[in-house]
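Biologist: Thanks for sitting down with me. Could we go through this model together, one question at a time?

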Amino acid sequence: MGEVITVMTGAGISTESGIPDYRGPQGLWRQDPDHEKLVTIGYYLADPEIRRRSWEYRRAGPARTAEPNAAHRALVELERAGRLDRLITQNVDGLHQKAGSDPARVLELHGNMFGVVCVGCGARSTLDEALARIDAGEKDPACERCGGILKTTTVMFGENLPEDVIAEAAEAAERAEVFVTIGTSLQVMPAASLAALAARSGARLIIVNAEPTPYDDLADEVVRDPIGEAVPRLVRRLIA
Ligand code: ZN
């Protein structure tokens with residue numbers, strides 16, 4: 001058994017699957033500054049038109065039909081080699097699970113877009129069910145149990161992060177002997193603090209990201225190459 005490895009991924013791992021990030025050069029917020037409202041809880045709850053556009057984005061946006069890429073698949077290999085402890089992700093696109101990662105090892109810091117929850121009563125349903133109602137003519141489908149507002153099980157801006165997931169991610173960062181961050185700028189919490197925690201707890205920190213991050217100085221290794229090439233190469237080395 002080799003070193004205990006935990007990996008943390010951000011939007012950069014999914015851009016090669018055709019999902020734009022928020023802040024990058026091709027990011028959604030440069031293309032459409034208004035997009036931020038669609039994923040901000042205050043606007044979402046206050047305005048049915050924002051909800052209509054948000055559902056439409058979930059339906060027509062690239063994430064619902066995107067396919068995993070070579071980097072997602074390489075992390076499945078790392079797991080099957082018995083080397084991956086936890087796979088922490090900031091992404092809501094479910095591509096790690098779609099690639100074959102064990103859902104029990106995937107910690108989704110910002111939730112998942114394929115579930116739906118009622119903000120009134122907490123009833124759970126699925127994105128497919130909500131989109132089917134929209135296809136049938138509803139613009140802003142309400143909870144069938146209590147009439148409350150429905151939203152995807154993603155953590156919107158202005159919402160609290162899931163405490164149990166954060167706690168589990170922190171434990172994984174502490175026990176990691178190698179902590180690899182992929183495609184995250186490490187500028188938002190809790191991703192930034194998890195990288196710092198891992199390094200402070202003695203992990204070798206490997207950062208794979210096209211742009212510099214605030215933690216590059218702390219890293220044992222920084223890789224700037226395209227993620228679809230860099231991650232399979234890194235995994236081959238870690239498994240060897
Ligand atoms: Zn409800």
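Modeller: Gladly! Contact here means heavy atoms within 4.5 Å. Please keep in mind throughout that this is a predicted model.

Biologist: With that cut-off, which residues is Ile88 in contact with, leaving aside its neighbours within four places in sequence?

Modeller: Two residues count as touching once their heavy atoms come within 4.5 Å. Setting aside sequence neighbours within four places, the partners of Ile88 are Thr6, Val7, Met8, Thr9, Leu107, Leu109, Ala169, Phe179 and Leu194.

Biologist: Which residues have the most contacts inside the largest nonpolar core?

Modeller: That core has 23 residues.

Biologist: How many residues are in the second, separate core?

Modeller: This other core includes Ala74, Val178, Val231 and Leu238. Its size is 22 residues.

Biologist: Is Val7 buried or exposed?

Modeller: Val7 sits in strand E1 (residues 5–9). Not counting residues up to four places away in sequence, Val7 touches Leu75, Leu78, Leu84, Arg86, Leu87, Ile88, Val180 and Ile182. Buried means under 20% relative accessible area. Val7 has 1%, so this residue is buried.

Biologist: How far apart in space are Val7 and Ser193, C-alpha to C-alpha?

Modeller: In sequence, 186 residues separate Val7 from Ser193. In space, their C-alpha to C-alpha distance is 14 Å.

Biologist: Is the peptide bond from Met189 to Pro190 cis or trans?

Modeller: Pro190 is also found in the loop between strand E7 (178–182) and H9. Omega for the bond from Met189 to Pro190 is near 0°, and the bond is cis.

Biologist: Now the metal. What is the geometry of the site of the zinc ion?

Modeller: The zinc ion is coordinated by the SG atoms of Cys118, Cys121, Cys143 and Cys146, at 2.3 Å. Four donors count as tetrahedral if all angles lie between 85 and 135 degrees. The angles among these 4 donor atoms are 99 to 115°, so the site is tetrahedral.

Biologist: What spacing do the donors of the zinc ion follow along the chain?

Modeller: The donors are Cys118, Cys121, Cys143 and Cys146. Along the chain they give the spacing C-x2-C-x21-C-x2-C.

Biologist: Is Cys146 buried, partly exposed or exposed?

Modeller: Cys143 has a relative accessible area of 8%, so Cys143 is buried. For Cys146 the value is 42%, which falls between the limits of 20% and 50%, and Cys146 is therefore partly exposed.

Biologist: And Thr154: is this residue buried or exposed?

Modeller: Thr154 belongs to strand E6 (residues 150–154). Beyond residues up to four places away in sequence, Thr154 touches Arg58, Val92, His110, Gly111, Asn112, Met113 and Glu159. Its relative accessibility is 6%, so Thr154 counts as buried.

Biologist: Is Arg236 buried or exposed?

Modeller: Arg236 is placed in helix H10 (residues 227–239). Exposed means over 50% relative accessible area. Arg236 has 55%, so this residue counts as exposed.

Biologist: Stepping back, what is the radius of gyration of the protein chain?

Modeller: The chain has 10 helices and 9 strands, and its C-alpha trace spans about 55 × 35 × 30 Å along the principal axes. With 240 residues, a compact globule would have a radius of gyration near 18 Å. The protein chain agrees with that, at 18 Å.

Biologist: One last thing: what percentage of the residues of the protein chain count as buried?

Modeller: The chain exposes about 11200 Å², with 50% of it supplied by carbon and sulfur atoms. Of its 240 residues, the share that counts as buried is 51%.

Key
Residues are numbered from 1 along each chain as its sequence is written. This is a predicted model: local features need pLDDT of at least 70, side-chain atom pairs count only at pLDDT 80 or more; totals for chains, interfaces and linings use all residues. Side-chain values use heavy atoms; hydrogens and water are left out. A nonpolar core is a set of buried Ala, Val, Leu, Ile, Met, Phe, Trp, Tyr and Cys residues joined through side-chain atoms within 4.5 Å. Buried means under 20% relative accessible area, exposed over 50%, partly exposed in between (1.4 Å probe, protein chains only). Donors are N, O and S atoms within 2.8 Å of the metal (3.2 Å for Na, K and Ca); water is not among the atoms, so sites may look incomplete. Four donors count as tetrahedral if all angles lie between 85 and 135 degrees; four count as square planar and six as octahedral if opposite donors are over 155 degrees apart and all others between 65 and 115; anything else is irregular. Helices (H or I, at least four residues) and strands (E, at least two) are DSSP runs, numbered from the N terminus. The radius of gyration is taken over C-alpha atoms; the globule rule is 2.2 Å times the number of residues to the power 0.38. Accessible areas come from the Shrake-Rupley method with a 1.4 Å probe; for residues, only the protein chains shown count as cover.
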